[in-house]
Structures are given as structure tokens and as C-alpha cells.
Amino acid sequence: MPTRNGSEYIAALRDGREVWHAGRRIADVTVHSGFSGTIQTLADLYDKQHDPKFRDIMTFALDGERVSYSYLAPRNAEQLAHKRRNIEFWAEQTLGQMGRYPEFVAELVIGLLDWTHVIEKTNEQWAENARAYYRYVSQNDLCLTHALTDQYYDRTKRVSEQEDPDLILHVVGETEAGPVVRGLRTLATLAPISDEVLVYPNRPRDPDEPDYAIAFAIPMNTPGLKILCRDLYAEHADPERYPLTTRFDEVDAALIFDDVVVPWERVFVYKDPQLLSGINYIHTWGQYSTMLRLVTKLEAFLGVAQLLTQYAKRQSTAAAQLLLSSLMQDIEILRSCIRVGELRGYLSPGGTWAPLLSPAYRVHSIEASDRAERTMEGLLTSTLMLSGGASDLASRDLGPFVERYFRGGAPDTKEHLRLMALAADMVMSPFGKRSQLYERLQSGEVDRMRLRLYGQHKDPAPAERILRFVKGLDDGLRTSRE
């Protein structure tokens with residue numbers, strides 16, 4: 001099957017999936033205002049895969065068909081560069097605002113494919129399941145989400161010691177068709193409008209907790225799977241006042257597994273805590289995608305800040321220049337981090353070319369994202385408290401006043417209002433605040449990443465250099481005395 005188009009993506013969402021919000025079941029996400037704007041954004045991107053202007057950026061030829069570069073398992077640096085161009089295109093089209101668009105989890109499936117060199121040492125069938133899943137989702141150009149987090153349980157007790165064992169997703173039985181799972185997984189971003197979900201825990205399981213050690217993938221319309229959405233920020237939002245919210249809100253969701261049967265052929269790890277403890281290996285290419293997207297997001301922050309500062313006639317002040325330069329600084333540093341990771345690229349044990357990304361890069365990117373929000377607030381101040389909007393211009397009674405008073409130094413009032421709305425949606429709206437929290441925590445707590453960096457940092461040269469200097473001080477003293 002060739003790469004899908006927008007109408008095929010939309011049609012696939014009308015599959016009877018069980019989506020809930022505020023106590024009501026949503027029969028068709030494609031026509032609900034809480035989802036329709038983002039669905040259209042993704043549909044447009046799928047359509048671009050067929051546009052001659054973008055086809056070679058987004059897809060490659062394979063066996064007479066076109067396949068998304070998101071699903072390319074690169075074998076060398078040149079192929080990784082092709083992937084980068086595709087990642088950057090997806091990010092540019094969404095201003096870096098969609099952390100879980102289809103490109104991202106496709107990279108996790110690349111990681112899963114590469115990890116089969118480990119899985120097969122334990123169970124060849126599980127490894128073949130993973131390879132078959134990669135072939136299936138890449139050939140059908142599917143949109144995927146993933147669900148990792150165990151949320152509402154007693155953290156003073158081990159997984160297997162919970163009073164209610166169903167608080168954490170686990171195996172409760174087996175059928176001829178596959179294992180039966182029950183429990184909760186949270187923060188499945190994009191779940192209501194994805195085709196399938198990749199499920200595994202982000203924390204290891206102890207050896208005596210095999211029922212909780214499972215990794216698998218299922219369609220979103222699987223019987224027994226309930227998708228419970230957080231607030232739908234776009235549902236009643238004015239697109240002129242919330243231009244990001246109404247186009248890019250990915251809608252995080254909790255997934256309730258009510259005795260869901262997982263087909264055996266969709267199981268990648270089963271009741272094996274030791275094997276499952278290494279599954280975070282699959283995040284390598286996803287982290288690369290995240291870094292590239294975040295640079296694009298920071299560039300969007302910079303672009304908005306530059307234009308509004310210019311329209312306010314403040315671009316020549318030292319205060320504005322210092323704030324803008326902090327954004328420029330972080331963008332340049334992160335670009336350099338990515339480039340170093342690419343130059344240090346390596347062929348993984350699974351035969352896939354990977355960038356060598358230090359945890360330090362990801363930590364810096366999180367700090368840069370937080371700084372960007374503070375910079376926007378410090379630079380734009382009360383401009384972020386949006387009052388007039390472009391939709392007000394259509395009012396016969398109010399429009400002339402808005403046209404007169406809200407133009408500022410901009411060449412056009414509507415353009416100025418839209419830029420102010422964009423800035424406010426970046427940092428002041430529920431969408432913007434959720435986005436900042438996402439950037440801060442989507443790879444785990446920052447301190448955990450710092451601890452990982454400490455554990456991985458094996459360079460003895462700094463300490464050895466200092467020891468040589470200290471030990472050489474005696475020689476220097478003797479020489480001076482002589």
C-alpha cells in the first residue's frame with residue numbers, strides 16, 4: 001500500500017473506537033471540534049506526501065511504492081540525513097508544537113525493529129512479531145501513539161504489592177487469541193486520533209512481577225479499550241484567538257484496558273521482566289526527532305518575539321536584544337548538539353545508523369524550553385494578555401475601534417492581532433502551559449536524566465590531567481629552589 005493521503009487518514013478514524021470526555025462518549029472524533037482542527041492538520045501533512053513539491057522530502061521509493069521517511073531504518077549517515085529533512089519538514093509545518101505527531105512514534109518503531117537483535121536471544125517469535133509490526137505500520141503509513149505511564153497507585157509499595165492489582169496494567173489471563181490485559185495507562189498523547197497504540201512500561205519490573213512485564217501494540221478500536229480524554233482545549237476556541245490550540249492540540253488521554261485481548265502476534269515481550277528492562281533502548285531515534293522538533297519550536301518563539309518587538313519599536317533597546325539573544329543562543333547550542341550527535345553517529349548492534357546523543361543535550365533542551373517561555377513573558381509582558389482579536393474586526397460596532405487602536409507599529413492591524421494571539425497561545429493558554437509541561441517532563445524527570453548522564457560519563461581525562469599537575473608541583477618547586 002502506498003503512503004496514505006488525508007482522506008484515508010480521516011476515514012480510518014471512523015472505526016467505532018470508544019472515546020470519552022466529560023462523561024460523554026464521542027461517536028465520531030473527525031467531526032468534533034475538540035479534534036477536527038488537529039485532524040485536518042495531520043490530513044494536510046499526509047496529503048503533502050503526494051505533492052510533487054514535497055514528495056521526495058517526505059517519502060522514498062521501495063519496491064515500487066512510496067514509504068514515509070519516518071519509517072526508514074537508516075543504514076548510513078546519508079539515510080539519516082534524509083530522515084532529518086523529513087523530521088524538520090513535519091516540525092516546520094506544525095511550528096514545532098506537536099510533540100507526538102505521527103513522525104515521533106514511527107521513530108520508536110524503528111527502535112523496536114532495531115531492538116529485535118536483543119529480543120531474538122530470548123524469544124524468536126517475539127522478535128518476528130516486532131519485525132512484522134514494523135512492516136505493517138510502515139507499509140500502511142499508520143499514525144501511532146504510545147502509552148507508558150503507571151499513574152495512580154501507591155508509590156510506597158512495589159508494583160506487585162498494590163491493594164488493587166488493576167491500578168497498573170497487567171496480564172490477567174490467556175486465550176487462544178492472546179493474553180488478556182487489565183488496568184490503566186496514562187498520557188497517551190494523540191490517542192483519540194491515532195490508528196494504534198504501542199504499549200510498554202517506562203519503569204522496570206522486578207523478577208517476581210512477570211504479569212506486569214508486557215509490551216504490545218493494538219488498534220485504537222480494540223474491544224475493551226476506553227480512551228478517556230483530558231480537557232479539549234480546541235472545543236470552543238476561536239481560531240483567530242487560539243491559532244495553535246485549534247490546529248495542533250494533540251489531546252492527551254488515559255487508556256483503560258477492560259480485559260482487552262492482545263493478539264499473540266502483537267506481543268513483543270511477555271512476562272519477562274529482565275528483557276523488558278532494556279526497552280528504553282528503542283527511544284534513540286525518538287530523542288533525535290524530539291531534539292530537531294524543539295529547535296524548530298524555539299525558532300518559532302524567536303520569530304514571533306522578533307516581529308512583535310519590531311512592531312513595538314523596541315528592537316534597538318539593550319533589554320530587548322539581551323532577551324532575544326538568549327533565544328538565539330539556545331537555538332545555536334542545540335543545533336550544535338544535534339550536529340555533534342550526527343558526526344559521532346554509529347551503526348547499532350541491530351544494524352541501524354544512529355546519532356550518538358548525550359543525555360546532556362536533552363537536559364539542555366529542556367532548560368532552553370523553560371527559558372524560552374520566561375523570555376517571551378519578559379519581552380512581551382502585558383501584550384500576552386490578549387484582549388482584542390482579529391475576529392473582532394468583523395464587528396460593525398467594534399471593528400473600527402479595534403482597527404484603530406490595536407495596530408501599533410505593525411503594517412497591518414490583522415497581522416498584529418494574529419501575532420499577539422500566536423504569542424499568547426504559545427505561553428498563556430492552557431495549550432501553551434500544557435506544551436511547556438510536556439517539554440519539561442516528556443522524557444522523564446530532569447534529575448533522572450542528570451543521574452543517567454552521571455552514570456554514562458566515563459571520561460577520566462579531566463581528573464587524570466589535574467592529578468598529573470598536582471603531582472608535578474613538587475618537581476616545579478625543586479626546580480625553582482635550584
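Let's start with a crossing: α11 and α14 cross in a left-handed way. A quick caution before I go on. This is a predicted model.

So, who are these two helices? α11 covers 359-380, and α14 covers 430-441. Two packed helices are described by the angle between their axes and by the distance between those axes. For α11 and α14, the angle is about 155 degrees, and the axes are 9 Å apart. Angles over 145 degrees count as roughly antiparallel. That makes α11 roughly antiparallel to α14.

Now look at the residues that meet. From α11 we have R362, I366, S369, D370, E373 and E377. From α14 we have K433, Q436, E439 and R440. What classes do they fall into? Seven are charged, two are polar and one is nonpolar.

Next pair: α9 and α10. Helix α10 spans residues 318-343, and helix α9 spans residues 284-311. They pack at an angle of about 160 degrees, with axes 10 Å apart. α9 and α10 are therefore roughly antiparallel to each other. The crossing of α9 past α10 is left-handed.

On the α9 side, look for M291, V295, L298, F301 and L302, among others. On the α10 side, the residues include L324, L327, M328, I331 and L334. By class, this contact has 16 nonpolar residues, two polar and three charged.

Stay on α9, and bring in α4. Helix α4 runs over residues 77-93. How are α4 and α9 arranged? They pack at about 45 degrees, with their axes 9 Å apart. α4 and α9 are therefore oblique to each other. α4 passes α9 in a right-handed crossing.

Which residues meet? α4 brings L80, R84, I87, E88, A91 and E92. α9 brings Y288, S289, L292, R293 and T296. The classes in this contact are five nonpolar, two polar and four charged. Keep an eye on Y288 and L292. Both are on the α9 side of the contact with α4, and both also belong to the contact with α10.

Now the pockets. Rolling a probe the size of a water molecule over the atoms shows where empty space is left.

The largest pocket has a volume of about 1700 Å³. Its lining has 48 residues. Nearest its centre are Q287, Q442, S443, G444 and R452. Several helices take part. α5, α9, α11, α14 and α15 each give at least two residues to that lining. Which helix gives the largest share? That is α15, with five residues. The lining divides into 19 nonpolar, 17 polar and 12 charged residues.

Last stop, the second largest pocket. The volume there is about 280 Å³. Fifteen residues line this pocket, and L62, V67, Y134, S138 and Q139 lie nearest its centre. Here strands come in. β3 (59-62), β4 (65-68) and α6 (124-140) each supply at least two lining residues. α6 gives the most, with four. By class, this lining has nine nonpolar, two polar and four charged residues.

Methods:
Residues numbered from 1 in each chain as written. Predicted model: local features only at pLDDT ≥ 70, side-chain atom pairs only at ≥ 80, totals over all residues. Heavy atoms only, no water. Axes fitted to C-alpha atoms, helices over the stretch in contact; angles between N-to-C directions. Parallel < 35°, antiparallel > 145°, perpendicular 65-115°, else oblique. Left-handed = near helix turned anticlockwise from the far one by under 90°. Contact = heavy atoms within 4.5 Å. Nonpolar A, V, L, I, M, F, W, Y, C, P; charged D, E, K, R; others polar. 1 Å grid on protein atoms, 1.4 Å probe; cavity = no way out; pocket = protein on both sides within 12 Å on 5 of 7 lines; lining within 4 Å. Points joined across faces, edges and corners; volume = space filled by probe spheres on them.
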